[in-house]
Amino acid sequence: MKEKEEKKEILEGLKVVDFGWAVAAPAICWYLAAHGATVVRVESSTRPDVYRVSAPYKDRKPGLNRGGFFAYPNVNKLSITLNLNLPQGIEIAKKIVTWSDVVVDNFRVGPMEKWGLGYEDLKKIKPGIIMLRTTNQGLTGPHNAHPGWGWQLVGLSGISNLSGWPDREPLSFGMPYTDVIAPRFGVAALMAALVYRNKTGKGQLIDLSQLETAIQFIAPAMLHYFVNNEEGKRIGNSSPYAVPHGVFRCKGEDRWCAISVFTDEEWQGFCEVIGNPVWVEDQKFRLLLDRKKNEEELNRLIEGWTIQHTAEEVMVLMQAAGVPAGVVKNGKDVFEDPQLNQRDYFWTLDHSEMGPFAHLGQPFRLSETPAKPRLPAPCLGEHSEYVCTKLLGMSDKEFVELLAMGTFE
Amino acid sequence: MVKIETSRCSIEYRILMPGDWDMLKNFRVLDLTSEEGLLCGKILADLGADVIKVERPGGDSARNRGPFYKNMPDPEKSLFWYALNANKRGITLNIESSDGREIVKKLIQHADCVVESFPVGYMKNIGLDYPSIKKINIKIIMTSISPFGQEGPYRDYRASDIVCMAMGGFLYLCGDPDRPPVGISLPHAYFFAGGDAAAATMIAYYHREQTGEGQWIDISIQQSVALTSFNSVPWWELSQVIQKRMAPFRLAGPHGGLVLRQTWPCKDGFINFIMGSGVFGAKTNRLLTEWMDKEAMAPEFMKKMDWNKLDATTMTQEFVREFDEYAGRFFLSHTMEELYEGAIRRGMQLYPVSNCRALAESPQLRDRGFWEEVDHPELGSTITYPGAWVRMSEAKCNIRRRAPLIGEHNQEVYKGELGLSDEELGILKEAGVI
């Protein structure tokens, strides 16, 4: 797909205020910013985003503008710091809302209302506003204000219980998993609301419960429970209908390759790749039903072969024989992945404190209006002046006065 | 309008009536996907789009995915299928046959979007690639989902869900250190891609409404999964640290030098609790200590602790170990429900590791009316579904119809919309086209 540089970006002109924190709301705005929307992140310097104060830091030196977790998904955004405990801070927040088309936040129920920035307030300030609020468990209900992280919601959502080994405890995840589920649903709903607004002039409130989106990811298991009164089982890396199917140890330290064999052709290809050892002819492994019965033994025999090869070799050999296989990539492997790099997945931009830094790219490409890197992740409050004077049309004098009052802290 | 008042906010909702699925009412999607992309059409259908699932004659292979209704393996009884195809209509069509291709082209004339998840190059081989269908309908949006995208050195690689989870960097982060990396017992790589496909399609639709221009969307499942690497890639890029799997713990501290427990056993199951440092954890840690103290289970060092001063940069693993010993003992003396209920009452960050039953009985989900009874007349029963994943004040996103049976809407679409006669339908049926 050819890029057309001269074109306007797809969401150019769309104005978004991101009152986000950590991942869920900032990730929704990340999709929009990447596609050309002007996204203003409203931050606080007295209580900076948890990801601004989390390692890893550039050169291992802690600093609000040196954290990788923050910088990675906040590409193309502007940052203003506001002290929302001051009335003039709230005034400016309201001015930004008046400027905007869309407001996104992931505060738990309470703070936005306290500042007079709930939906009922916003629609008075800006008729037609679309406000997307994503909370752990939704805006209503007895648990609507219960605090928590995506690291924890994965337990509540039922996903942990359906992940991991059958003989071990439910899986703890290596990242805040539900935070990367909700945004995709959120963007779909938000864009639909924008189309609707353009047709009718009507804005709306979008209440996106991260729990309720996460449960969509276990919907088949929920139906199984309701219909058959059975809990889903943790099945490790196996598949109910494919053998071999799993993750196999390869040469080197902690190197693994995932292999899955679904059809007879794939099984034949697989056997050829591993050199047709005598045991593949064994009655125990001839048919799928046999292999399923003797899966553990089969996996051990396979590992006897994979351990002699690097994970990359296993993948390439298997793929050449038409067998689905892939290296279990760690952070370094993903960063260096030839496919991702060939597709310009990472967006390397010169960050004022971090230097050249590869920001997170988009999961998809639109042929006519592809997403484009424009700005590195903002330093804390980097655009306070720009937002006030250029976007809101404030005079320099007015800005300086507000600055002296501690408004931008 | 109905007003919902809670202790902390009030929200007004328009009273929505059946027929209020009008947000995407005129947006028609032809869903040619299988397992890899079914969620895309589901999300669009939930938002009100008219999604027609096009299956090969005899039914899509995803109908073979379990679990099944009353555990009876049958393409009309796949619960996996039900869950991912509710709100869609369904027709059968062999798009590889000449007649089938002509029919699909007619359908494309009246569609806004085609979603497909065939191997790269397949659509071109049967004359239905983007340049070809654009000639039929200049405004069409084509959303293509493939394991590694339409271009690049891996574009022809074969994949399964576990392979995509591996290649996107998710799998490596999960599991116990003494075993291989391990994943989720459901195809989440495909769900991630389906979610992104819906998001991308809506972005393209917004653009089309303003400019009349369609597009071809290239979704890489690997890239959809790679969002889960948003911690592990910066760890490498900035600190040359390779983030490892460490269930039931997580990496913490200024340079990743600390491990904190995430999943804890309790009396009848597991809970999720993370000892946060500084302002992020102070309140929860203090409340836990008070609760433990009330039951004479808090050690002196916890009672004396000024939790606001617990600093991630100076906290030692020794401290964490001691904390874990006492907190762990406390959790073991209570049930999941006691702990969650107590946490909610106190405003502590602690969550149960729910199973399906706990979710089915959750007062929160019940209060929100999340579960929906969906009629399945051919089974003579109703089935409870997870309902709307979003509440929108101007639109209803509930389930309005169950997933289609095989070819259920052939008559409606082929006769009613394309104007084929009974005789023509008979011929096409016998020829295996529909």
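1. Basis of the note. The structure is a predicted model, in which local features need pLDDT of at least 70, side-chain atom pairs count only at pLDDT 80 or more, and totals for chains, interfaces and linings use all residues. Residues are numbered from 1 along each chain as its sequence is written, while chains are lettered from A and ligands numbered from 1 in the order in which they are written.

2. Chain A overall. Chain A contains 17 helices and 12 strands; these are DSSP runs, with helices being H or I of at least four residues and strands E of at least two, numbered from the N terminus. Along the principal axes, the C-alpha atoms of chain A occupy a box of roughly 85 × 50 × 45 Å. Chain A has 409 residues, of which 59% count as buried. A residue is buried if 20 or more other C-beta atoms, placed from the backbone, lie within 10 Å of its own. Of the contacts in chain A between residues at least 6 apart in sequence, 69% join residues at least 24 apart, a contact being two residues whose C-beta atoms, placed from the backbone, lie within 7 Å.

3. Strand β8 of chain A. This strand (residues 256–260) is largely enclosed by the rest of the structure, because 5 of its 5 residues are buried. On one side these are A:W256, A:A258 and A:S260, and on the other A:C257 and A:I259.

4. Neighbours of β8(A). Strands pair if DSSP finds at least two bridges between them. Strand β7 (residues 245–249) of chain A runs antiparallel to β8(A), with 5 bridges; A:R249 has A:W256 as its bridge partner. In the hairpin of β7(A) and β8(A), 6 residues lie between the strands, and A:G252 has a positive phi near 105 degrees. β8(A) also pairs in the antiparallel sense with strand β9 (residues 325–327) of chain A, over 3 bridges, and A:A258 stands opposite A:G326 in β9(A).

5. Domains of chain B. Domain 1 covers 2–227 + 389–430 and domain 2 covers 245–355; such bounds come from an automatic or database domain assignment. The centres of the two domains of chain B, taken over C-alpha atoms, are 42 Å apart.

6. Helix α12 of chain B. This helix (residues 317–332) has 16 residues and spans 22 Å from its first C-alpha to its last, close to the expected 22 Å, where the expected span is 1.5 Å times one less than the number of residues. Its buried residues are B:F323, B:A327 and B:F331. The elements of chain B that cover them include β11 (263–266), β12 (269–273), α10 (278–294) and α13 (336–346).

Note on methods: A residue is buried if 20 or more other C-beta atoms lie within 10 Å of its own, exposed if 12 or fewer, and partly exposed in between; C-beta atoms are placed from the backbone.
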